[in-house]
Amino acid sequence: MATQLENARAGKVTEEAKFVATKEGVDAEVIRKDLAAGHLVIPANKLHLKTNLAPIGIGRLLTTKVNANIGTSSVRSSIEAEIEKMKAALAAGADAIMDLSTGGNLDDTRTRLLSQCPVPFGTVPIYQVIEGRNVEDIDHKTILDCFEKQARQGVDFFTVHAGVLKEYLPLLAKRVMGIVSRGGALLAKWMLYHNKQNPLYEMFDDLCDIMAEYDVCFSLGDGLRPGAIADATDEAQIAELRTLGELTQRAQEKGCQVMVEGPGHVPFDQIQYNMEIQQKICRGAPFYVLGPLVTDIAPGYDHITSAIGGTAAAFYGASFLCYVTPREHLGLPNADDVRAGVIAAKIAAHAADVARGLKGAADRDRKLSIARSNLDWRTHLAESLDPETAERMHREACEESNGGLKPTLQSDYCSMCGRQWCSVRINKEIRKVIK
Ligand code: SF4
């Protein structure tokens with residue numbers, strides 16, 4: 001069975017491409033052409049498609065998508081807690097889930113999550129390769145077996161840090177934060193210990209064969225992404241990106257779908273350049289960015305620093321935003337953190353889609369604004385990105401009001417200004433005169 005890319009190149013519009021076309025209101029033939037060009041991916045493992053996957057498309061032609069990372073760590077692991085987080089992420093509107101587990105039984109965790117995951121599901125297989133053994137001891141066969149196993153489980157996309165080359169490591173000496181990617185750091189340790197090239201780079205063609213067989217989409221990892229704004233857009237980052245461009249082409253030639261991962265911590269003024277250079281070097285392959293976080297000084301609020309960068313990234317070239325939770329840099333997120341992170345990333349993605357002028361992107365904004373203007377509280381709250389929070393805040397504000405009549409869902413004002421000062425209500429009076 002051919003991959004989505006091979007089918008598209010052969011002129012075939014797959015069921016998945018039709019599904020994405022209908023969902024996004026885009027012509028299916030246009031989707032096929034973008035798929036064939038490598039500008040759009042539909043991460044859909046053939047085995048996950050047989051169970052519960054509703055495919056999505058990722059590319060500039062379509063709405064910006066949002067991924068939520070979940071997963072156990074070596075100091076905190078509970079499958080039930082991760083299922084709860086995944087449910088929270090999906091309820092908040094996450095378009096994809098990545099299981100980054102490194103603690104507990106990784107196979108059981110992945111199997112349980114996948115069985116309840118109706119969206120594309122990604123992993124970083126090198127985590128499991130390393131788990132339970134010294135990084136120095138990993139070999140090609142262990143890596144291939146792990147990729148094969150996870151592909152057979154139905155994982156839809158793999159982060160593969162194949163672009164971290166041995167010759168790039170000296171470039172990191174001047175960095176503030178060095179390597180912040182877990183996969184990148186462990187592979188660098190392996191390379192220095194054995195004095196050999198990155199095994200994922202050396203065996204890249206073999207990895208392509210496995211991924212093509214199941215149609216697992218590559219997410220070419222940025223193991224040298226900057227972890228501080230001082231390290232952004234440095235020689236190491238750009239050197240790795242050039243290798244990712246080479247690998248993108250090699251994987252696509254073997255029929256594999258490819259996304260490319262990007263930074264990281266990047267000052268706002270460097271985001272446009274970062275997006276444009278990736279699109280050029282990787283010839284339009286969808287860009288999947290972590291953040292980018294536009295400042296380093298806001299631990300506890302990094303869902304906001306990344307949302308600011310996410311909107312700029314999606315406006316200038318990214319197609320897929322990896323969320324960041326408020327607990328980034330501080331600890332493993334809980335379900336509330338996951339929810340806050342997804343909502344922040346959804347806002348970032350939507351703001352970019354509106355600014356890009358995507359057809360229909362601003363329809364919901366207009367609908368909500370009309371309801372707001374009509375003081376139609378029910379529609380106003382229902383159309384919001386997070387109706388539960390909006391409804392709760394409005395209700396609490398009504399309950400806390402003192403003096404005079406308390407506002408309600410039927411009121412023509414709220415507690416912010418009060419009835420006499422409510423400009424929206426006054427506007428309704430003005431409109432009657434000027435219409
Ligand atoms: S009272 Fe103020 S905040 Fe509330 S609806 Fe009227 S104008 Fe808006």
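## Barrel, cavity and ligand shell

Eight strands, in the order S3-S4-S5-S6-S7-S8-S9-S10, close into a barrel with parallel pairing, where strands are DSSP runs of E with at least two residues, numbered from the N terminus, and two of them pair if DSSP finds at least two bridges between them. From one strand to the next the twist averages 25°, with axes fitted to C-alpha atoms and angles running from 0 to 180 degrees between N-to-C directions. This is a predicted model, in which local features need pLDDT of at least 70 and side-chain atom pairs count only at pLDDT 80 or more, while totals for chains, interfaces and linings use all residues. Residues are numbered from 1 along each chain as its sequence is written, and side-chain values use heavy atoms, without hydrogens and water.

Strands S8 and S9 pair in the parallel sense over three bridges, and Val260 has Phe287 in S9 as its bridge partner.

Phe287 also belongs to the lining of the largest cavity, as do Glu261 and Gly262; lining residues have an atom within 4 Å of a point on a 1 Å grid where a 1.4 Å probe fits but cannot get out. That cavity holds about 90 Å³ of space, a volume filled by probe spheres set on the points, and H12 gives the most to its lining, with four residues.

Around the ligand are residues including Leu375, Cys414 and Ser423, each with a heavy atom within 4 Å of it.

Terms used:
1 Å grid on protein atoms, 1.4 Å probe; cavity = no way out; pocket = protein on both sides within 12 Å on 5 of 7 lines; lining within 4 Å.
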